[in-house]
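Welcome! Here is a short briefing to read alongside the sequence and the 3D view.

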Amino acid sequence: MQQRGVLVVGLGHVGLSWASYLVSLGHKVSGVDLSTETIDLLKKKKLPFYEKGLAEVLFQSPDLFCVDSKMTSNLNYDAAFICSPIANEQDSEDFLKLIESVSEATKFIFIKSTLPLQGLEKLQSLVESLH
């Protein structure tokens, strides 16, 4: 069976560190973030913050890491890692749409985040309502 790849939602410190780890293991990783600034930097092979060695691992192969501000709905993933909290109410609608797309693209969703308990409960109930 051909590997479909792993989706990482949220490309801040937690998400990019996790994506680089997955890339270092040879996984094909797609990253999604609502911040167009972050996406623009990553497409130029620049990081939004400094962490020693991260760029070298993350950008080692253009086939292993790609980014976008929206999910491509026709893709399926082996798993998705949500590494982003809901920043504020203004972002929450876009975030919830993104999570809905994630739940349609994979059966396995993992939370790797500093998401507070209330946010985690909200996310769990959203994903359960979509299935």
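Is Tyr21 buried, partly exposed or exposed? Tyr21 is partly exposed, as its relative accessible area is 44%; buried means under 20%, exposed over 50%, and partly exposed in between, with a 1.4 Å probe and protein chains only. This is a predicted model, where local features need pLDDT of at least 70, side-chain atom pairs count only at pLDDT 80 or more, and totals for chains, interfaces and linings use all residues. Residues are numbered from 1 along each chain as its sequence is written, and side-chain values use heavy atoms, leaving out hydrogens and water.

**Around Tyr21**
- Tyr21 sits in helix α1, residues 13-24 (helices are DSSP runs of H or I with at least four residues, strands runs of E with at least two, numbered from the N terminus).
- Between the C-alpha atoms of Tyr21 and Leu58 there are 8.2 Å, although the two are 37 residues apart along the chain.
- Trp18, Tyr21 and Phe81 form a cluster linked by ring pairs (rings of Phe, Tyr and Trp, the last by its six-membered ring, pair if their centres lie within 6.5 Å).

**The nonpolar cores**
- The largest nonpolar core has 22 residues, and Val8, Leu16 and Phe65 have the most contacts inside it (such a core joins buried Ala, Val, Leu, Ile, Met, Phe, Trp, Tyr and Cys residues through side-chain atoms within 4.5 Å).
- Helix α1 gives the most to this core, with 5 residues.
- A second, separate core has 11 residues, including Leu7 and Phe95.

**Leu16 and its contacts**
- Not counting residues up to four places away in sequence, Leu16 touches several residues, among them Leu42, Pro48 and Phe65 (contact means heavy atoms within 4.5 Å).

Note on methods
Rings of Phe, Tyr and Trp (its six-membered ring) pair if their centres lie within 6.5 Å; planes under 30 degrees apart count as stacked, over 60 as edge-to-face and the rest as tilted.
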